[in-house]
Amino acid sequence: MHTPVIAVLGTFDTKGAELRCVSDLIRQKGFEVLTVDVGSGSPSAPVDCSAPMVAEHGGEDWRGVLERRDRGEWVALMARAAAVFARALLDAGRIHGILSLGGGGGTAMATAAMRALPVGFPKVMVSTLASGNVAPYVGLKDVVMMPSIVDVAGVNRISRVIFENAAGAVCGMVAAAVERAQRREGERPLVVASMFGNTTECVEEARRILEQAGCEVLVFHSTGQGGRAMEALIAGGLVAGVLDVTTTEWADEYVGGILSAGPERLDAAAKAGIPTVIAPGCLDMVNFGEWHTVPERFAGRTLYAHNPQVTLMRTSPEESLAIGRILAGKINAYRGPVQVLWPGGGISRLSEPGQPFHLPEADAALLRGLRERLDDGVELRELPYAINDPDFASACAEALLGGMGLRRP
């Protein structure tokens, strides 16, 4: 393999000396550097990738923004452009890690670029904001936020130590990534699965079968954050198959519960084109907090206290029909092998006969919404089992293995 390249991204007009310092430290450790400017002024030294080169990737009138000299507008534009540019560098195999230094604007632009890169790709951000709430900058990615201690304004006895540590950190991470890539050949294919308390038996049995077939299975709890994390991992390109049998977050997204994963839920696998099995697990429920937190507009609805902190509300036939249509629209966009499996005996433990959420007309509406909108080329298999029946779990696992070109042992 050629010498790994680390992108040093930042505002070379205002932080040129500091960025050159950390670039030199990286080179001293035997790595190459690709300098990327996102500043609005003239860089204080030559760079490999100029700000206009980056800005062109934003698909916007960056010249007009530059002429208006509105820093906030420039930062927002370059954050979007840097994300596209960084991903293009990765896809072209030009970078193996990324490091940046900055204050508020620099951190916003650099971490936008970092969030566009997959989990596992080395990312280090030295920032004046790193000791506060970093959630907006990190998102769902593994961005390492390192406090700058002093302002990123010159190279002094404090900042140089921070820069040396940052350079050492990103170089160590890149070295580890190279070793990991060398070991990757022969690794078990990675499968992600969505689970909730009311689909646990299904996922556990399916995982057992998939692992027997040689897969490694990562399970994500469908609590909003879990769904977003699963989507991010799929988008990162590490996943070989998706067992998305607990799509309940769409009930919260549509009805207004507290565990929505956002309107992008189900999009990552569609774009990745990887084998996927989808089931309507726990779409019979919407999540709220304690009983008294359920909004007044839902007075008279069927509620169930899952625990003292979580109250579940049964989805209505009208809501179920709409959710089924939404899921069908999402599934129609899948480019890879996809199957939808329907558990006719109940879509969660609570909707089985005799249970609090048993409402056949709502389940029928959900199925009708799927049937109405699914393209003819998408297979919808209706099975007589409840979702936690071992036979349903087995059918899900075998369908995914078939899509991946594998067999159950």
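1. A crossing of two helices is called left-handed if the near helix is turned anticlockwise from the far one by less than a right angle, and right-handed if clockwise. By that rule, helix H12 passes helix H13 in a right-handed crossing. Helices (H or I, at least four residues) and strands (E, at least two) are DSSP runs, numbered from the N terminus.

2. The model is predicted: local features need pLDDT of at least 70, side-chain atom pairs count only at pLDDT 80 or more, and totals for chains, interfaces and linings use all residues. Residues are numbered from 1 along each chain as its sequence is written, and side-chain values use heavy atoms, with hydrogens and water left out.

3. Six strands make up an open sheet, in the order E7-E6-E8-E9-E13-E14, and their pairing is parallel. Two strands pair if DSSP finds at least two bridges between them. At the edges are strand E7 (216-221) and E14, each of which pairs on one side only. Neighbouring strands here are turned by 20° against each other on average, direction ignored. Axes are lines fitted to C-alpha atoms, for helices over the stretch in contact, and angles run from 0 to 180 degrees between N-to-C directions.

4. Within this sheet, strand E13 (residues 338-343) and strand E14 (residues 379-383) run parallel and are joined by five bridges. Val 340 is placed opposite Leu 380 in E14, and Leu 341 opposite Arg 381 in E14. From E13 the chain goes through helix H13 (residues 360-373) to E14, a right-handed β-α-β crossover. Such a crossover is right-handed if, with the strands pointing away from the viewer, the path from the first strand over the helix to the second runs clockwise. In a regular strand the side chains alternate between the two faces of the sheet.

5. H13 also packs with helix H12 (residues 317-332), at an angle of about 30° and with the axes 7 Å apart. H12 is therefore roughly parallel to H13; angles under 35 degrees count as roughly parallel, over 145 as roughly antiparallel, 65 to 115 as roughly perpendicular and the rest as oblique. Residues of H12 that meet H13 include Leu 321, Gly 324, Ala 328 and Ile 331, while those of H13 include Ala 362, Ala 365, Leu 366 and Leu 370. Contact means heavy atoms within 4.5 Å. This contact has 10 nonpolar, four polar and five charged residues. Ala, Val, Leu, Ile, Met, Phe, Trp, Tyr, Cys and Pro count as nonpolar, Asp, Glu, Lys and Arg as charged, and the others, Gly among them, as polar.

6. Helix H8 (residues 200-212) and helix H14 (residues 390-403) have axes that come within 8 Å and cross at roughly 45°. The two helices are therefore oblique to each other, and H8 passes H14 in a right-handed crossing. Among the residues that meet are Cys 202, Ala 206 and Ile 209 in H8, and Phe 392, Ala 397 and Leu 400 in H14. By class, the contact of H8 with H14 has 10 nonpolar, one polar and one charged residues.

7. The axes of helix H4 (residues 71-91) and helix H5 (residues 104-115) come within 7 Å and cross at roughly 25°. H4 and H5 are therefore roughly parallel, and their crossing is right-handed. The contact residues include Val 75, Met 78 and Ala 82 of H4 and Gly 105, Met 109 and Ala 112 of H5. They divide into 10 nonpolar, two polar and one charged.

8. Another open sheet has three strands in the order E10-E12-E11, with antiparallel pairing. Strand E10 (285-288) and strand E11 (303-307) are at its edges with a single partner strand each, so one side of each has no neighbour in the sheet. The twist from one strand to the next averages 30°. Four bridges pair E11 with strand E12 (residues 310-314) in the antiparallel sense. Val 310 in E12 is the bridge partner of Asn 307.
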